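I opened the model today and kept notes as I went. The entries follow in the order I looked things up.

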Amino acid sequence: MTATSLKETVWVDAWVRWERNSMEITDEVEEEEGEDDEDLPPPTETYTFTYPNPKCGTNDDDNITIEINGFHSDSEQSWCSTGLQLWRSSHHLCQHLVEEEATKLQDDTKQLRILEVGSGLGRCGLLAHRLSHDKVQTVLTDGDSETLKQLRKNVEQNTKDGDDTISCRQLLWGEEQAKIFLEQQQQQQQQQGEDDEKKEHKFDIVIGSDLVYVQSVIKPLFETVQVLLNDDDESKFLMAHCSRREGNEVDLHMVLDAAEEEGFKHEVLLEDDDISVFSFQRK
């Protein structure tokens, strides 16, 4: 996994519920920055998932196995950082990736870049990485500082040493933050001698599941996708949404209206009771 040396902002998901502005640097935040190096307590939950590997036919010995660690939904850690628990919609997004996206991800004539927003424990992003050919670049992101600690551990234990095609980064949502993310990524790769300065680092596929449960984050989410998604006709944002997630105050029409305002059309790819998988593309 590619390491990052970029400075990150102390931020936890619970601040959304407290309507705290994560961009305001207060004395309290400065005090917390000094404590951010503390490790999480040991995770209490382990989840193992097995998926067919289209690269290897029907041989069960070559299946993709992903094992991730996290915390119970009733834990203090999950209350503060909701990304530290597993959410139901991830199953449906993973199902779609295996059944509908694997062929594109394995096409080695395409130099794809994949971004996962709101990665949480990393289930979907890790699967996308494992389904892809060896030159696909995958970036898993989350805004929550505590979630990022566990996400990086999960990525490390599910990838080979020296795999520089997958990385974890902090990404706070909103137009300005997305632009900063793009600039920092470009600068970092230039410093490593991997790119020319004129190349943009946008993404061909953006994925995410269980991303919005309060209204205030919907617009920043689609602003972020607007900045980071490539401009061509094939690029898309795949999103799994649960309308009856616990604590959810978001109506599905709010999500689709926000996407429309940011210039996206949508297609429903899968519906299963209260969970839907959407594809958003530029109009």
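I began with H6, where Ser145, Thr147, Leu148, Lys149, Gln150, Leu151, Asn154 and Val155 are buried. Buried means under 20% relative accessible area, exposed over 50%, and partly exposed in between, with a 1.4 Å probe and protein chains only. Helices (H or I, at least four residues) and strands (E, at least two) are DSSP runs, numbered from the N terminus.

I noted the ground rules before going on. This is a predicted model, so local features need pLDDT of at least 70 and side-chain atom pairs count only at pLDDT 80 or more, while totals for chains, interfaces and linings use all residues. Residues are numbered from 1 along each chain as its sequence is written, and side-chain values use heavy atoms, with hydrogens and water left out.

What do the buried residues of H6 pack against? I found strand S2 (64-70), helix H5 (123-131), strand S4 (137-142) and strand S5 (166-170). Contact here means heavy atoms within 4.5 Å.

I checked the length of H6 next. The helix has 13 residues (145-157), and at 1.5 Å a residue it should span 18 Å. The expected span is 1.5 Å times one less than the number of residues. The end C-alpha atoms are 19 Å apart, which agrees.

Then I looked at the N-terminal end of H6. Asp144 caps it, with a side-chain oxygen 2.9 Å from the backbone nitrogen of Glu146. Ser145 lies in H6 and is buried, at a relative accessible area of 7%. A polar atom of the Ser145 side chain lies 3.2 Å from the backbone oxygen of Thr9. A polar contact is a pair of N or O atoms within 3.5 Å; within protein, one must be able to donate a hydrogen and the other to accept it, and residues adjacent in sequence count only if both atoms are side-chain atoms.

**Thr44**

I found Thr44 in the loop between helix H2 (27-33) and strand S1 (45-51). Is Thr44 buried or exposed? Thr44 is exposed, with a relative accessible area of 51%. Its side chain makes a polar contact with the side chain of Glu45 at 3.4 Å. The Thr44 side chain also reaches the backbone nitrogen of His72 at 3.4 Å. Leaving aside neighbours within four places in sequence, I listed Gly70, Phe71 and His72 as contacts of Thr44. Asn69 is 25 residues from Thr44 in sequence, yet 7.5 Å away in space, C-alpha to C-alpha.

**Met239**

I placed Met239 in strand S7 (residues 236-242). Met239 counts as buried, at 0% relative accessibility. Beyond four places in sequence, Met239 touches residues including Leu211, Val212, Phe222, Val255 and Phe278. Val277 is 38 residues from Met239 in sequence and 5.6 Å away in space, C-alpha to C-alpha.

**Helices H7 and H8**

The axes of H7 (residues 175-191) and H8 (residues 218-228) come within 8 Å and cross at roughly 35°. Axes are lines fitted to C-alpha atoms, for helices over the stretch in contact, and angles run from 0 to 180 degrees between N-to-C directions. Glu175, Ala178, Lys179, Phe181 and Leu182 of H7 meet Glu223, Thr224, Val227 and Leu228 of H8.

**Whole chain**

The protein chain has nine helices and nine strands. Of its 283 residues, 52% count as buried.
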